[in-house]
Amino acid sequence: MNVFLNYNNKRWRKYEIDFQKIANAVVGSMHKESEVSIILTDDKEIHALNLKYRNIDKPTNVLSFELGDDILLGDIYISLDTVIKEAREAKISVAEHTAHMVVHGILHLLGYDHLNDKEAKVMESKEIKILQKLGIKNPYEEDAFVCNSKECCPGNKFMSWLNKLNFRENSFWQYFTLAFLGFITSLGFAPFHMWWASLIGIAGAYKCLTRINNVGNLFKTFVKVLPFSFVYAVSMFWWVVNSIYVVPELTQQFAIWTLPALIGIGIFGGIIFALPFVVVLRIRTFPACRAFLFASAWVVVLWLREWLLTGFPWNPIANITMPFPVVANSMSLWGALGLSFIIIGLIASLVELLSNRKNKTTYISFFVFLVLLIVGSVYGYNNIKKSDNMGNATPVIRIVQPAQSATQKATHSRADALRNAEENVKMLMRLALPESEKVDLVVFPETSYPFVIMDGDYMPISDFMNKNIVVGSQYYSGGKMYNSMLISSENGSIDKIYSKSHLVPFGEYRPLGDIIPTPGQLASGQGAEIISLELNGRTLTFAPAICYEIIFSDSLVPRQTQPDAIINITNDTWFGRTPGTYQHLDMVRRYAIESGLPIIRANYSGISAFVSASGQIISALPIAQSGILDGFVWGAHMTPYRFIGRDGWMIVILLFSCICTISLYAKEKYKK
C-alpha cells in the first residue's frame, strides 16, 4: 500500500511513526497497489470538518473519508491535540495511539464499521489482531479511546444526524428544525434538483416527529407537524404570487394580497402536507407497519390534491427522480402515485430500520420497497426503449414562442388595445413565417391570438401563412367566455375549438365568490377529447391541453384511444424565471412518461419544448427567448398506468399496502 502524508500541523514531525509499516500491517498482501492519504492535523481542522460534514460541533480523534475506489481508498484525518489527550489518559505513547487511529481509519476505508454491536465486535477484533502484530496492547481492555459509537464515522453521518434531533418536545429548536427540514425538502424539485435534500428533509421530519411521545389531541398533533408542512408549502409555491407583479395595473390592485396569499398557501398547504405525519402519529403501530401507513397516507393526500378546488397535484415527490430517467420512467408502470409511494416508503422504512436494527420486520419492510424500486426501474428501462421507436413519427411541427412580456401585451385604452392587438398578430406571423413551406403544422401558445373569437369567425394567421395552425385565444359563446385552443385550416376557417376544463382558482375563476377578487371569471370546457388533423396526406391525432391541465394525471386522453401526441399550449409569463416555470416543464415530462405519449409544448414566454414519450427533452427554447422550434415526435404507446388509470392504481396501492401491513402486524403480534 502506498501511503501519502500531509503534515497540516508541523508538531507531528517530532514523532517518529512508521505510517507505511502500520498500513501494511492492516492490508497484508492485499491492496498492494492501493493508496491512502493520511492528513496529520489538529483539533481546529477536525472540528471544522465535523461541523461542515457531520453537523458535530466538536473535534474527534480520527475521521475517515472513503472514496469508494479500490485503488484510491480515501483520506484519514488524525488530530494531534485529541491523540495527545487520549494517550495521556490511557497512559500510552502518542505513537501507539496514533497507530490505533491509523488502523481504525484504514479499516473504515476497507468497509468495516461499528453501527451495531455485531459490527463493532468484528471491527474491534480486527483492530486488536493488527495492533498485536505491531506490538501494541489491546486498546479495548480498559478504556477505549477510539470512538465506538456510530456518530464518529463519516460513513454514518446520516444516522448520527437523525439521532441528534432529540430536542425537548414543543421547544423552539424542535419547531425550528422541522421548519428547516420543510425548506430543504422543497429543494429536490426543479430547477435545483437536489433530490438528496428532499430525502433528508422527509427522513429528518419523520424521525423527529415519530418519536414524540405526547401528541395530544388532533389539533395539537397538527400544530406539532405544521412547522414542517407550512414551510414546505410556502417554499414550493411562493412563486404563485409572482403573477401579481407582472403587470403594473394588477400590482396596484392585488399587491395588498401578497402576504395574505403566502399565509394562505402556508396554512392550506400546511394542513394538506401535514396529514401523512398526523396519520402515523395518531395511529400507533409497529415500526415496519408504520412505514407502509406513512407511504399510503402520503399518496392518498397526493390523490386528493387532484380534487380539491379544481385540484393542484403539483410536485409529487416522484418528480425528484427526473435526473434519473430509468427510475423516473417507472411512472409508466404505476404513475407518480406508485413511485411516490415507493420513495416515501423507502425513506420511512430506512429510518425505522436504522432506529430498530434488532427488529427483523423492519428489514422486511425496507426490502419490499427496495424490490419495488428495482422492478419499476427495470420496467422504466424498457419504457425508454419503447419510446425510442421512431416508426410512428408525427409530421413536422413548428412551435412559436413570442416571448413578449405581459406588460407588452397589456393595454390601457380601447385605441391602444386595438393597435396592440393588430401589432401582436403581425408579430406572430413574422415570427412564424421563415421557411414555413417545410412545416406541416404551426403551434402558437395559450392566449397568443389577442382578439376574442366568436362562432363564425375566421383565423387570418392561417390564411396568411397558408398553413394549418393551433393557436390559443379567448372564445365567447352562449354568453360565456372560455380559454380555448383553436384549430384552423389553411384557408382560415376555424374547424375545431377546444376549451380549457381545469381552470386556475383565483386566476380564471372565483372559488370563494367575491371574498377574494379575481382577474377573470371564465367558463370551463367539456374535458378530454382527441382531435384529428389531415396534414399533407398524413393524419395527426392529438389530445389537446391548455396550461396546467397537463399536471392532472390521467385526465387528457379518453379511454381506449391512442393519439400520436399531446399538444400543450401554455403561458408561463406570469411566473418568469421562478421555480414554477421549470417545475411546470417537469410536470409535462411526468405526464409524457405516465401516458406513453410525446408532448408538443408551446409556451408564450417560458420553456417551449418537444418532449419524448420517455419524458426526455428533445429540443427546447429557453425562458424569455423569442423564436421558433421545428421538430417532430415519436414513440407513442400504451402504458400500464394509462391502461389501469389513476384511480385503479390508487386502489392497487392501497390494497398492496393493506396486505403488507396486516402481514407484518401479524408477524409482530406472533413474536409477542
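I looked up the burial of R590 and E594 in this predicted model: R590 is buried, and E594 is buried too. I then checked their side chains, which meet in a salt bridge at 3.6 Å, N to O. Both belong to helix α19, and because R590 and E594 are four residues apart there, about one helical turn separates them.

Next I asked which residues of α14 R590 and E594 face, together with I593. By class, the residues of the contact divide into three nonpolar, two polar and two charged.

I looked up the geometry of this pair. Helix α14 covers residues 331-355 and helix α19 residues 579-595. Their axes lie 8 Å apart, and the packing angle is about 135°. That angle makes α14 oblique to α19.

I searched the whole structure for salt bridges and noted 12. One of them joins the side chains of R11 and D81 at 2.6 Å, N to O. This pair links distant parts of the chain, 70 residues apart: R11 sits in the loop between β1 (2-7) and α1 (19-27), and D81 in helix α3 (residues 80-90). I checked accessibility for both. R11 has 37% relative accessibility and therefore counts as partly exposed. D81, at 25%, also counts as partly exposed.

I also noted E508 and K500, whose side chains meet in a salt bridge at 2.9 Å, N to O. Are E508 and K500 buried or exposed? I found E508 buried, and K500 as well.

Last, I looked up E306, R646 and D647, which are linked in a network of salt bridges.

Definitions and conventions
Residues numbered from 1 in each chain as written. Predicted model: local features only at pLDDT ≥ 70, side-chain atom pairs only at ≥ 80, totals over all residues. Heavy atoms only, no water. Axes fitted to C-alpha atoms, helices over the stretch in contact; angles between N-to-C directions. Helix = DSSP H or I, 4+ residues; strand = E, 2+ residues; numbered from the N terminus. Parallel < 35°, antiparallel > 145°, perpendicular 65-115°, else oblique. Contact = heavy atoms within 4.5 Å. Nonpolar A, V, L, I, M, F, W, Y, C, P; charged D, E, K, R; others polar. Salt bridge = Lys/Arg side-chain N within 4 Å of Asp/Glu carboxyl O. Buried < 20%, exposed > 50% of the residue type's maximum accessible area, 1.4 Å probe, protein only.
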